[in-house]
Amino acid sequence: MRLAQISDLHVVARDRLCYGQVPTNQQVRQAVAHLNNLKPSPDAVIASGDLTDHGGDEEYSALRELLSPLKVPVFVIPGNHDSREALLKSFADQDYMPPTGSPFVNYVIDDYPIRLIGLDTSVPGHHHGELCAQRLRWLEGTLSGRPDAPTLIFMHHPPFRTGIRWMDSAGLHGGRELELVVSRHPQVVRVACGHVHRPIHVAWAGTIASTAPSTCHQVALEFGGDGFEFIMEPRAIQLHVWDPGYGLVSHLSYVPNSYEPMALLSGLKAAEREQIVEQSRRDYEALCKSEFDRRNW
Ligand SMILES: [Fe+2]
Ligand SMILES: [Fe+2]
């Protein structure tokens, strides 16, 4: 089985820019095209939260439209930028989605060689995440139901400290309790998260916990900073490949045409930013052309 993971799409209303700077909708469109072009194709896609930037109905409408070209099923969970209520309403036509009005967006997919568990860590109105007693009980019961099925849990907030201080300050409450639950269930082959907009992995609770890069802007690798900094490092998706002989082998795949300046765009004036982006675009086109000529495509 090949399971693609996209994360932190931060879709905004049509014709808007995220933070007034990042064309997140266009970038999601490119990520979807990239997923459709993977050979061989993934069997399914998980989207690990921050699907939209503000959780508005218009954003979910744009999200559904952007995801609609996907050739394989996509399973979504909320992040801190989402609205649980709006998400449930927007995806109400999807069989896997809990009914509108459900307290959490928790569900299980038993259609693949890897069992998928979507776990809702969101807390309405807050950026930190939480796994309360109710959600942990649900997870314990769900994992106990099929102890022999290799299982991937996907959720938004990672259960470990990343060292990126300002992201950790919006981390997960209840991570230690989750660790105890997962430790009791060795069939969990991965806890796949988002939120941090960077690829990170760590041995945790007898398995591996990881975070995925964003399909849009990345978070600056700044351990001591207190403020919000994002950086236009290349965008990427993850591809988790299940091999019964080895386990889950995870790849990072950069989204083509995503070359952008390695600059902290958030710290620049608009004119400076446009100049850098334009120069970067010209450089990238020249690079593509020379590669095209060299390979005689
Ligand atoms: Fe995010
Ligand atoms: Fe987040």
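Helices (H or I, at least four residues) and strands (E, at least two) are DSSP runs numbered from the N terminus; axes are lines fitted to C-alpha atoms, for helices over the stretch in contact, with angles from 0 to 180 degrees between N-to-C directions.

I note that this is a predicted model, in which local features need pLDDT of at least 70, side-chain atom pairs count only at pLDDT 80 or more, and totals for chains, interfaces and linings use all residues. Residues are numbered from 1 along each chain as its sequence is written, chains are lettered from A and ligands numbered from 1 in the order written, and side-chain values use heavy atoms, without hydrogens and water.

I traced the open sheet: 6 strands in the order 4-5-7-9-11-10, with mixed pairing (two strands pair if DSSP finds at least two bridges between them). Strand 4 (107–109) and strand 10 (200–204) are at the edges with a single partner strand each, so one side of each has no neighbour in the sheet. The twist from one strand to the next averages 20°.

I then checked strand 4 and strand 5 (residues 115–118), which pair in the antiparallel sense over 3 bridges. The bridge partner of I109 in strand 5 is L116. Helix 4 (residues 133–145) packs on the sheet and touches strand 4, strand 5, strand 7 (151–154) and strand 9 (188–193), contact meaning heavy atoms within 4.5 Å. The direction of helix 4 makes about 170° with that of strand 5.
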